[in-house]
Amino acid sequence: MKQVHIATFGCQMNERDSQTMARVMNGCDYRITERMEQADLILINTCSIRRKAEEKTYSLLGRLKDLKNRNPGLVIGVGGCVAQQEGPRLLERVPHLDLVFGTRMIHQLPALIEEVRSGKNRLSRIEMVQGELYVRDLLMAPGCSPGLKASVTIMQGCNNYCAYCVVPYVRGPEESRGSREILAEVEALAAEGVQEILLLGQNVNSYGLNREGELTFAGLLDLLEKVPGLERIRFTTSHPKDLSPELMGCFGRIANLCEHIHLPVQAGSNSVLERMNRGYTRQDYLKKIDQLKARCPGIAITSDFIVGFPSETEADFEETMDLVKAVQFDDIFSFKYSNRPQTPASNFPDQVAEEEKGRRLMELQTYQKKVTLSKHQTLVGTIQQVWVEGNSKKSPQDRMGRTRTNKIVNFPGPPDLLGKTVPVRIEKAYINSLKGVVV
Ligand code: SF4
């Protein structure tokens, strides 16, 4: 049996795509290996959303040159966003690369690899195939256990064209999968023992809107509520402009929908939001936050921020800080703006100096760390229902689980708690996790 190593850079969508690659290759007799030196095939799943992830791709490709020299039979392929953007230019730039495949070519991988092997041709295939085939996930190969948690792609692509983002260019327009097909996949995963599902899409809030007669995202959640054995449903990502009252109403009503929403706001200033082409104002966003909190008290809200977007003034940044203070997020992911090729923002004037971006980022993160810690501290002494999903990273003899609000809880307990929901009294709070004891 041949061996394939898959290296993944970037977001959850990319991790999901890598799992699909693994399944596709598994279906044609490739075994996954963690050791690159043993592989007959190395696939690099790339991300170009942030400069850092892209740099990692080129650094890994550079390191693979020696391996290819020592093993000329090795096939190296690059997929994902960088592949989609660069296409044949990547083959020119990296002479030891054999295959470049686009974001909608994953299911063609076996044929492409065969073509490379048999004809010894170097190939670039980045067509944007329309239709469902690219998105259809294969169910688990026989003998493989999906584990307790799994993610299911419900749509791909994006129609929003935020000024800083490459996704619409590299993943194409939005396309939703059929709800019956998603239901069948979730039922099959639940029958294999999966208890928690993460529904994935660039903007799940607009699920179904681009498909005639299809359910809305709220309708899909209603459908999945009834899947036997499915304890928890989570989803990501939600675009604030498409967060409907119908979807907000699902929290607290659908029994297995966790009380957590990741709602990326990116900035708190209307002029920055407008230049970002986000399609909402800070007032719209704050109103939706109030509605969410009113409908589902205790819901955890997390967000993404970009600081130092072109022309962002100190006053704009203060508005971002003001919004962060008003919402009191459970946690945030925040980044310095970096120019991404092909995006409108990369041509915007008035780029903010790196040093200034760094200062703003530090101020934002310092404030948020205090809020996150203080939110965790309010849980000390409470009893939380924790679904146990594995071992603690720091002390593997302890168990690790999450509250429905997505807080990580570590606690001592026997391994057979895995997959069970247990009441845990919280005793200590840290920035990234909680510690407790089973009661
Ligand atoms: S919604 Fe905006 S940031 Fe998100 S994937 Fe689409 S274009 Fe990118």
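This is a predicted model: local features need pLDDT of at least 70, side-chain atom pairs count only at pLDDT 80 or more; totals for chains, interfaces and linings use all residues.
Which residues are they? Around the ligand stand three cysteines, Cys-158, Cys-162 and Cys-165.

I turn now to the domains. The protein is divided into domain 1, covering residues 2–125, domain 2, covering 133–376, and domain 3, covering 383–438. The C-alpha centres of domain 2 and domain 3 are 25 Å apart. Where these two domains meet, 14 residues of domain 2 are in contact with 10 residues of domain 3. On the domain 2 side, helix H13, residues 354–377, supplies the largest share, namely four residues.

Next, please look at a sheet. As a reminder, strands of a sheet pair through backbone hydrogen bonds, either parallel or antiparallel. The sheet I have in mind is open and has three strands, in the order E7-E10-E11, with parallel pairing. Its edge strands are E7, residues 149–153, and E11, residues 232–236, and each of these pairs on one side only. From one strand to the next, the twist averages 25°. Five bridges connect E7 with strand E10, residues 196–200, in the parallel sense. One example can be found at Ser-151, whose bridge partner in E10 is Leu-198. Helix H7, residues 179–191, packs on this sheet and touches both E7 and E10. The direction of H7 makes about 170° with that of E7.

How many bridges join E15 to strand E18, residues 421–429? There are five, and the two strands run antiparallel. Within this pair, Trp-387 stands opposite Thr-421 in E18. E15 also pairs with strand E16, residues 398–402, again in the antiparallel sense, over four bridges. Here the bridge partner of Asn-391 is Arg-399 in E16. A hairpin of six residues joins E15 to E16.

Finally, I would like to consider two single residues. The first topic is Cys-258, which is placed in the loop between helix H9, residues 245–248, and strand E12, residues 260–262. Is Cys-258 buried or exposed? Cys-258 is buried, because 22 other C-beta atoms lie within 10 Å, and the threshold for a buried residue is 20 or more. Leaving aside neighbours within four places in sequence, Cys-258 is in contact with Arg-232, Ile-233, Arg-234, Arg-404 and Asn-406. Ile-233 is 25 residues away along the chain, yet the C-alpha atoms of Cys-258 and Ile-233 are separated by 6.0 Å.

The other residue is Arg-295, which lies in helix H11, residues 282–295. Arg-295 has 15 other C-beta atoms within 10 Å and is therefore partly exposed. Not counting residues up to four places away in sequence, Arg-295 touches Met-248, Gly-249, Phe-251 and Gly-252. How far apart in space are Arg-295 and Leu-418? From C-alpha to C-alpha they are 32 Å apart, with a separation of 123 residues in sequence.

Methods
Residues are numbered from 1 along each chain as its sequence is written. A residue is buried if 20 or more other C-beta atoms lie within 10 Å of its own, exposed if 12 or fewer, and partly exposed in between; C-beta atoms are placed from the backbone. Two residues are in contact if their C-beta atoms, placed from the backbone, lie within 7 Å. A residue is near a molecule or strand if its C-beta atom, placed from the backbone, lies within 6 Å of it. Two strands pair if DSSP finds at least two bridges between them. Domain bounds come from an automatic or database domain assignment. Axes are lines fitted to C-alpha atoms, for helices over the stretch in contact, and angles run from 0 to 180 degrees between N-to-C directions.
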